[in-house]
Amino acid sequence: MIETLLQRLASGRPLPAEDALALADCDDLALLMRAAAARRDEAHGSLVSYSRKVFIPLTRLCRDVCHYCTFAQPPRAHSAAFLSRDEVLAIARAGREAGCKEALFTLGDKPELRYRVAREELDRLGHETTISYLAEAARLVVEETGLLPHANPGLLTAADLALLRGVSVSQGIMLESSAERLCERGMPHHGSPDKHPAARLATIRMAGELAIPFTTGILIGIGETRRERIEALLALRALHEAHGHLQEIIIQNFRPKADTRMADVPPVVFHEHLWTIAIARLLFSPAMNIQAPPNLSAGALREMVDAGINDWGGVSPVTPDHVNPEAPWPHLQLLERATNAAGKDLIERLAIYPGYVRSAQQWVDPALRTPLLHLTDADGWPRTDPWSPGAGAALPTKLPVASPRLTRAHSVAPIIDKATAGRELAEGEIVRLFRARGDDFAALCAAADALRRDTSGEVVSYVVTRNINYTNICYFKCQFCAFSKGRLSENLRGRPYDLSLDEIASRVRGAWDRGATEVCMQGGIHPRYTGRTYLDICGAVRRAAKDIHIHAFSPLEVHQGAETLALSVEDFLVALKEAGLGTLPGTAAEILDDEVRAVLCPDKIGTQRWLDVVGTAHRVGLRSTATIMFGHVERYEHWARHLLRLRRLQDETGGFTEFVPLPFVHMEAPLYLKGRARKGPSFREAMLMHAVPRLALHPLITNVQTSWVKMGPDGAALCLEAGANDLGGTLMDETITRSAGAIHGSEMTPAAMEGIIGNIGRVPRQRTTLYTPASQERYRASFSNAPSNLQNITMATPIWRGG
């Protein structure tokens, strides 16, 4: 019977109520736990999360008299009824210093309805209700510390919920039980009007109607039956199916406390706790977050993981559990070891779960979206180190190393095998790779590095080039760009310029004298530029140095140039090629998904137009690079679609020479300054954007470049050990990334390049744009004519490796 019920879950449909209630008679705990763990792993894989929080008990007065609670206290002489604003901020600041990101406000329910002292103190604070003061305190915490509040104040009206939605990223109330009989005389909820199940369910329902990410759960061991637990869970499931707002279900075990009416009631036996965790996992969809507090079952954490949880709840390095003061929080290192022992990876989350962060437009008040964006990565998890591209912060010191646990059934190994065999990955498989953490992250980087070794050997290439950005005047208003300046740009940041043809030619001659094989030329879309301008630039370069390779003009510039001359893109590209153009930079791609482009660069060419221009270039004999600019407003799904579009175009044309990840540099970007973008990718994401494309684009694109300007020299070196095989160009005059606030300089000499490569035990090779070895003459010129002030990494004798 039970086996049949569990088999029905495999169909993807939830168990009907009658089948769910039948589980009350199942005593085969091992069977239930195996089924629950498998169901959990379908959605959560190897991850078990927790929130690093501070506990702010705004008031311990409460109008209810729950028979098992020690949190609520009666008024005491010479003791304040509420924490002051300064006390709230002191707790929050201590949490921030300890790395906390959540401020959990827990408090008694409407004490002003029972105690005069509460009413008088609220009046002195300038408020009529506890909820009003809570809203002010939560707003103060966000504004002064950046911590994200979670509010847990008890029963609420729709107006209360809406007020708190503007100052907290999530709210919660424990249902505890749906059994009305527990409110009868002699039962634990007698005398507690706020514990009536109908009232609590009404609050939870209204939260769903207001699109509030919500925490709830049940308390077991207070006199309820197994059937009543299932009924409570089914009531919550029905509300979640209607509104989708329940972000977690807590299964909390009762612990008797001294000096309460239930002090002599025995605690719930542990196997009943495990049974209820497993049942909760089976009743909800695999994606639901099932939580059990780790401090209430110390020494049995592995068993709770085995029963199906994927979250430990909030854990504080600063404040005690004021609701269960007898049960201290486990140290985070101990929690991580226990989680690892259960075959899982511990990961920090925010007060709002990643799925709701990814849909913040629906679930988060506009006032809170900016602090949320600044704390999160592209998948909705918190950033756990201060690194951002170009900012100069130290690299994370703790990077995972592959271990034997890669054999787990939910690991990335099958996807890696598929990729290394050269087969196209599905969008969901690529997303899964980008979500790799812990062992999976280490295994993925190692696999990408091994594939790089098989494809490119131990050679790391680089090109001696000069960047020439001929104008920073642009009539487009890309929200990420801190380079463009002009009457129609977002902001006038410095002096607009427009280089003359003579100045361009002078810079080209200087580049040739210093050993360059290439000039890379792009600029803003100047309102006076036409296609003729680009043809004239090619002519000036060719006259200045006839043998230098012209790598120039983004697909947007090609589109605009063709349009201004009333030519087809194909005819214009042919004209550019005849004028000396050698290859195109595959920039202006940003994210090849129009959902993102509508936010990022709404007036720029769309995804299909970019692909059409580049495909046409390939067909007329002009190869190009392929780029992605990532870490701003997009999600992993967008990254996957971008890679698949590049792969399919490469399969059709074969024209891409390399893939170049360009991490978003946020510091001066308009979109970030408006509070609408993240702080670039996390370092983990930046490394994965080298490792995953090595796999996902194999065997069609064989070169993966890392940007030392954005990653920094040390970061670029790590990317060279995670799938990249090219260090890019020496640049000489980099301005676009520096305009966005990056600090890593405008030039790196060949000696410095080879120093980075040699320091990781690899073989440097100077190349051309098309990945052929640079000539001996160019190689020697690049060393002999480099500025002495930039020779920060030197080699005793340059060694030409031409073949």
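Mentor: The sheet is open and has 6 strands in the order β11-β12-β13-β14-β15-β16, paired in the parallel sense. Strands here are DSSP runs of E with at least two residues, helices are runs of H or I with at least four residues, and both are numbered from the N terminus. Two strands count as paired if DSSP finds at least two bridges between them. β11 (465-469) and β16 (656-663) form the edges; each has a single partner strand, so one side of each lacks a neighbour in the sheet. On average, neighbouring strands of this sheet are turned by 25° against each other, direction ignored. Such angles are taken between axes, which are lines fitted to C-alpha atoms (for helices over the stretch in contact), and run from 0 to 180 degrees between N-to-C directions.

This is a predicted model, in which local features need pLDDT of at least 70 and side-chain atom pairs count only at pLDDT 80 or more, while totals for chains, interfaces and linings use all residues. Residues are numbered from 1 along each chain as its sequence is written, and side-chain values use heavy atoms, with hydrogens and water left out.

Within the sheet, β14 (residues 581-584) pairs with β15 (residues 623-630) in the parallel sense over 2 bridges. Leucine 584 stands opposite serine 624 in β15.

Turning to the helices, α21 (residues 555-564) packs against α24 (residues 607-619) at an angle of about 85°, with the axes 9 Å apart. This makes α21 roughly perpendicular to α24, a label for angles of 65 to 115 degrees; under 35 is roughly parallel, over 145 roughly antiparallel and the rest oblique. Pro555, Val558 and His559 of α21 make the contact with Arg609, Trp610, Val613 and Val614 of α24, where contact means heavy atoms within 4.5 Å.

Another helix, α30 (residues 750-759), is largely enclosed by the rest of the structure, because 8 of its 10 residues are buried. Buried means under 20% relative accessible area, exposed means over 50%, and partly exposed lies in between (1.4 Å probe, protein chains only). The buried residues of α30 are Pro750, Ala751, Ala752, Met753, Glu754, Gly755, Ile756 and Ile757. Their cover includes β10 (459-463), α28 (708-719), β17 (726-729), β18 (763-767) and α31 (776-784). Just after α30, glycine 761 takes a positive phi of about 80°.
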